[in-house]
Amino acid sequence: YGQLTDKGKQALYRVGAFLRHLYVRHLRYLPEDWSEAEDVYVRATDHVRTHHSALSLLLGLYPSPHRAPGLPPPVIHTMPPGKEYLYPSDNCPQQLKLWLAEVEADGALAGDIRALREKYPKVAEWMDSYPGATSKDVWSAPPLQAVHDTFTVMLAHGMALPAGVTTATIDDLERVLARQFYHPYQRSEPLQRLVSGRLLWDLSRHLDAAVGGAVRPRFV
């Protein structure tokens with residue numbers, strides 16, 4: 001898995017600062033200061049980059065002057081990969097079945113990927129060399145995403161892109177990835193329920209516990 005770069009940390013810090021302006025200063029929904037570690041419940045996927053993302057955002061939301069002296073680092077709560085619901089997972093057979101049905105029903109998607117490979121043969125070569133790459137049509141998502149993410153990071157950090165790769169190339173890759181990953185969820189209400197239902201259940205569970213006094217977090 002890729003990791004969060006310094007630019008990524010800075011971007012998440014700015015997001016946290018924006019949330020502070022909105023929820024602390026403007027709406028006055030959150031307290032001005034973070035006084036006790038138990039006041040905050042932090043949830044992330046179990047990857048180093050997402051832990052860094054959560055911590056960077058919290059630094060923007062509650063910078064040093066607004067944290068109690070000696071406040072320990074927050075505990076980042078995670079779920080085992082097989083039970084994770086913060087990203088689409090093929091560990092749910094029904095979710096995978098519905099997603100595959102939507103992908104296969106999208107007749108334009110395979111054509112888009114083939115056209116992408118023909119337009120950018122070097123990109124196709126990199127995709128084929130990706131570990132585990134087995135198909136050149138709808139099953140090209142992992143290697144396609146890896147190539148796209150690499151180009152995006154290089155561009156963000158001012159690195160020279162490989163010969164023949166431009167911002168238009170990156171836009172083309174992103175368009176196909178978005179179609180493959182997100183359009184099935186836009187078209188299928190059962191998929192939407194499967195993906196969002198577990199997250200909403202977890203949020204409501206914590207809110208009920210907080211209202212009932214069973215837990216301390218003032219915000220999640």
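Analyst: Let's begin with a term: accessible areas come from the Shrake-Rupley method with a 1.4 Å probe. For the protein chain in this predicted model, the accessible surface comes to about 13300 Å², and 59% of that belongs to carbon and sulfur atoms. Of the chain's 220 residues, 33% count as buried. The chain has eight helices and two strands, and along the sequence they run in the pattern α-β-α-β-α-α-α-α-α-α.

Now for the close look. Helix H4 covers residues 107-119 and helix H7 covers residues 167-187. The two pack at an angle of about 160°, with their axes 10 Å apart. Angles over 145 degrees count as roughly antiparallel, so H4 is roughly antiparallel to H7. H4 also passes H7 in a left-handed crossing.

Who meets whom? On the H4 side you'll find Ala-108, Leu-109, Asp-112, Ile-113, Leu-116 and Lys-119, and they meet Asp-172, Leu-173, Arg-175, Val-176, Arg-179 and Gln-180 in H7. Sort the residues of this contact by type and you get six nonpolar, one polar and five charged.

Stepping back to the whole chain, take contacts between residues at least 6 apart in sequence: 72% of them join residues at least 24 apart. The C-alpha atoms fill a box of roughly 55 × 40 × 30 Å, taken along the principal axes.

Key:
Residues numbered from 1 in each chain as written. Predicted model: local features only at pLDDT ≥ 70, side-chain atom pairs only at ≥ 80, totals over all residues. Heavy atoms only, no water. Axes fitted to C-alpha atoms, helices over the stretch in contact; angles between N-to-C directions. Helix = DSSP H or I, 4+ residues; strand = E, 2+ residues; numbered from the N terminus. Parallel < 35°, antiparallel > 145°, perpendicular 65-115°, else oblique. Left-handed = near helix turned anticlockwise from the far one by under 90°. Contact = heavy atoms within 4.5 Å. Nonpolar A, V, L, I, M, F, W, Y, C, P; charged D, E, K, R; others polar. Buried < 20%, exposed > 50% of the residue type's maximum accessible area, 1.4 Å probe, protein only.
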